[in-house]
Structure formats: C-alpha cells, structure tokens
Amino acid sequence: MKKTFLTLTAATALMLSSCMTPGMGTTSNTGGTSDVLTSVLGAVLSNVLFGGQSGILGSWNYTAPSTAFTSEKTLTQAGGSAAIANINSSLASNYNSIGINRSNTSFSFLEGNKFAAKVNGIAFSGTYAYNPQNGEIALKTATETIKGNVIKTQKGMGLMFDSKQMTNILQKEGKVSNLAAIQAVSQLAKSAGGARVGFELTK
C-alpha cells in the first residue's frame with residue numbers, strides 16, 4: 001500500500017468541517033487544535049502508525065467502531081470526516097444488534113507473532129504478520145488468512161478491514177448469525193469506496 005499523507009491545507013479544511021470523528025477520538029470547538037488534527041489524520045490509513053511491532057503487543061478490547069480510508073482522495077470523495085461519523089454511527093447500530101461489546105470482542109497480539117481473539121464471544125487464534133511501515137496486518141487462522149490495517153488512534157488502536165475481510169471476521173470467525181447486520185456492515189465499506197471498517201481497541 002502506498003503511504004498517503006494529508007497536506008496541511010487538506011487537514012485544516014477537514015478540521016474546520018468536522019467537530020467529531022467517532023472511533024478516532026472525539027473533538028469539539030473547545031478541544032485543542034492538536035487533538036482535532038490528530039483525529040483528521042487518523043481518518044487516512046498509514047498517516048498514524050505505531051511505527052514498530054512492539055506497539056501492537058498486548059491485550060486490546062473493543063470500545064467503539066473504527067473507520068478509515070485508503071487515501072485522502074477517497075476520504076474527500078466520500079464526504080470527509082462527516083462520512084466517517086455517519087459510517088461509525090451505522091456500525092455502532094449494527095454492532096449493537098449483533099451483540100458486540102467490550103466483554104466479548106478482543107484481540108491479543110503476543111510475542112512470537114501469535115494472536116488470540118474473540119469476536120462476538122467466539123474465540124479463535126493463530127499467527128499474525130504485521131508491517132509497521134504501512135500498517136498492514138494479516139491474521140492467519142487454521143482455515144483462512146484475514147488481511148487488515150492497523151492505525152494508532154487517540155485512545156488506542158484501530159483494527160480495520162475491507163468489506164470481504166470484515167464479513168469473514170464476523171461470519172466465519174465470530175459465528176454471527178444475524179446476516180442482515182453482517183450485510184449492512186459489509187455494505188458500509190462498499191458504499192464508501194476505499195473505506196476500511198472495524199474496531200477501535202483499548203488496553
């Protein structure tokens with residue numbers, strides 16, 4: 001994946017057009033400029049990376065939906081940070097209908113490139129490969145490899161997937177039976193070209 005960085009002008013424009021980016025940290029007119037700018041930068045993959053594999057190590061629990069775009073162009077075409085707010089709002093509604101919450105959805109990244117996870121209370125594990133240069137991650141289970149993206153958020157970590165990979169996470173690994181909710185989550189990524197959707201995680 002090519003790294004795409006927001007220019008200061010574009011970031012400022014988005015900053016002025018938005019007051020909140022759910023899943024990427026909340027901002028307001030009373031908040032600091034640095035907080036707002038961090039939130040805007042976090043809306044594009046590869047802008048806010050951990051920088052090293054050690055950053056993702058540990059146990060992480062779901063706290064909120066998370067959304068980012070593959071480039072500044074796709075973010076702008078989708079409608080900027082307002083689009084992220086709308087997507088995250090819809091994700092939250094569908095996650096609630098599925099039953100996803102902090103107690104039943106988590107990811108642990110361990111030394112030796114091993115991971116253990118729960119989605120919707122269903123446990124699965126395997127190995128992972130993480131590229132700190134572009135934030136790409138691959139989770140390899142006994143039956144499949146799920147490719148996603150990792151970014152650093154104001155509160156912790158965003159772990160996100162494209163439409164197909166997110167469907168696999170929910171349906172194959174999480175054993176979610178609510179097909180309407182799965183399709184709705186998948187469609188959110190499809191309808192906003194270049195979007196990645198998933199989970200904001202905190203330790």
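**Close-up views of a predicted model**

**View 1. Six aromatic residues gather into one group.** Tyr62, Tyr95, Phe107, Phe115, Phe124 and Phe199 make up a single aromatic cluster. Keep in mind as you look around that this is a predicted model. Across the structure, the count of aromatic pairs comes to seven. One of them joins tyrosine 62 and tyrosine 95, whose rings sit edge-to-face, 5.8 Å centre to centre and with 75 degrees between the planes. Tyrosine 62 belongs to strand E1 and tyrosine 95 to helix H4, so this pair ties together parts that are 33 residues apart in sequence.

**View 2. Phenylalanine 109 meets tyrosine 128.** Here's another aromatic pair, again edge-to-face: phenylalanine 109 and tyrosine 128 are 5.2 Å apart centre to centre, with 75 degrees between their planes. Phenylalanine 109 comes from strand E2 and tyrosine 128 from strand E4 (residues 122-131), so the pair links parts that are 19 residues apart in sequence. Phenylalanine 109 is buried, and tyrosine 128 is buried too.

**View 3. Eight strands close up into a barrel.** Follow the strands around in the order E1-E2-E3-E4-E5-E6-E7-E8 and you trace a closed barrel with antiparallel pairing. Going from one strand to the next, the twist averages 35 degrees. Helix H4 packs on this sheet, where it touches E1 and E8, and its direction makes about 130 degrees with that of E1.

**View 4. Strand E1 has a partner on each side.** How many bridges join strand E1 (residues 58-69) to E8? There are eight, and the two strands run antiparallel. To see how they line up, find serine 66, which stands opposite glycine 198 in E8. Then look at threonine 67, which faces valine 197 of E8. E1 also pairs with strand E2 (residues 106-110), again in the antiparallel sense, this time over four bridges. Over there, asparagine 61 has serine 106 of E2 as its bridge partner.

**View 5. Helix H6 has a buried face.** Helix H6 covers residues 179-191, which makes 13 residues. From first C-alpha to last, H6 reaches 18 Å, close to the 18 Å expected at 1.5 Å a residue. Which residues of H6 are buried? They are Ala181, Ile182, Val185, Ser186, Leu188 and Ala189. Looking down the axis of H6, you'd find these buried residues within an arc of 145 degrees, so they line one face of the helix. Over on the other side of H6, Ala180, Gln183, Lys190 and Ser191 are exposed. And what covers the buried residues? The cover includes helix H4 (81-98), helix H5 (163-173) and strand E8 (195-202).

**View 6. Proline 132 sits in a loop.** Where do you find proline 132? Look in the loop between E4 and strand E5 (136-140). Setting aside neighbours within four places in sequence, proline 132 is in contact with Leu49, Gly51, Gly52 and Gln53.

Note on methods:
Residues are numbered from 1 along each chain as its sequence is written. This is a predicted model: local features need pLDDT of at least 70, side-chain atom pairs count only at pLDDT 80 or more; totals for chains, interfaces and linings use all residues. Side-chain values use heavy atoms; hydrogens and water are left out. The expected span of a helix is 1.5 Å times one less than its number of residues. Buried means under 20% relative accessible area, exposed over 50%, partly exposed in between (1.4 Å probe, protein chains only). The arc is that of the directions from the helix axis to the C-beta atoms. Contact means heavy atoms within 4.5 Å. Two strands pair if DSSP finds at least two bridges between them. Axes are lines fitted to C-alpha atoms, for helices over the stretch in contact, and angles run from 0 to 180 degrees between N-to-C directions. Rings of Phe, Tyr and Trp (its six-membered ring) pair if their centres lie within 6.5 Å; planes under 30 degrees apart count as stacked, over 60 as edge-to-face and the rest as tilted.
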